[in-house]
Amino acid sequence: ISTVNPRNIGEEFSISFKIPKDGPRVICRCRVVWKREYDPKTLIEPGMGMEFVGLDPETGKRIDEWVEKP
């Protein structure tokens, strides 16, 4: 996720998003697994990578299908 204020690695928090088109609204926990601070020497945006925590298999499958669509 691109953000100017990435959270710390290991931090857990709740997120909410809607899978586009006819997908459901997802409310779940996630954990920060990496973060990138702002660096004026590069064009790469600051941000963080997250993993879902305790996500049910059906919702995980729907997210995978959405992400893999071209």
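Student: Which residues form the negative surface patch?

Tutor: The model is a predicted one. In it, Asp56, Glu58, Asp64, Glu65 and Glu68 form a negative surface patch. One of these residues, Asp56, is found in the loop that links strand S3 (47-53) with helix H1 (57-68).

S3 runs antiparallel to S2, and seven bridges join the two. Within this pairing, Cys30 has Phe52 in S3 as its bridge partner. The loop between strand S2 (25-36) and S3 holds Tyr38. With a relative accessibility of 59%, Tyr38 counts as exposed. The C-alpha atom of Tyr38 is 8.8 Å from that of Asn5, although 33 residues separate them along the chain.

S2 is also joined to strand S1 (residues 12-18), again by seven bridges and in an antiparallel arrangement. Here Ser16 stands opposite Ile27 in S2. S1 and S2 make up a hairpin with six residues between them; in its turn, Lys21 has a positive phi of about 70°.

The structure holds five salt bridges. In one of them, Arg29 meets Glu12, with an N to O distance of 3.8 Å. Because Arg29 belongs to strand S2 and Glu12 to strand S1, this pair ties together parts that lie 17 residues apart in sequence. Glu12 also forms a salt bridge with Arg31, where the closest N and O atoms are 2.9 Å apart. Arg31 likewise lies in strand S2, so its pairing with Glu12 in strand S1 ties together parts 19 residues apart in sequence. Arg29 counts as partly exposed at 36% relative accessibility, as does Glu12 at 33% and Arg31 at 27%.

A further salt bridge joins the side chains of Glu37 and Lys35, at 2.9 Å from N to O. Glu37 is partly exposed, with a relative accessible area of 46%, and Lys35 also counts as partly exposed, at 26% relative accessibility. Elsewhere, salt bridges with shared partners link Glu12, Arg29, Arg31 and Glu51 into one network.

Technical notes
Residues are numbered from 1 along each chain as its sequence is written. This is a predicted model: local features need pLDDT of at least 70, side-chain atom pairs count only at pLDDT 80 or more; totals for chains, interfaces and linings use all residues. Side-chain values use heavy atoms; hydrogens and water are left out. Patches are made of residues with over 30% relative accessible area and no salt bridge: like charges are joined within 9 Å, nonpolar side chains (Val, Leu, Ile, Met, Phe, Trp, Tyr) within 5 Å. Accessible areas come from the Shrake-Rupley method with a 1.4 Å probe; for residues, only the protein chains shown count as cover. A salt bridge is a side-chain nitrogen of Lys or Arg within 4 Å of a carboxyl oxygen of Asp or Glu. Lys and Arg count as positive and Asp and Glu as negative; His and the chain ends are not counted. The place of a charge is taken as NZ of Lys, CZ of Arg, CG of Asp or CD of Glu. Helices (H or I, at least four residues) and strands (E, at least two) are DSSP runs, numbered from the N terminus. Buried means under 20% relative accessible area, exposed over 50%, partly exposed in between (1.4 Å probe, protein chains only). Two strands pair if DSSP finds at least two bridges between them.
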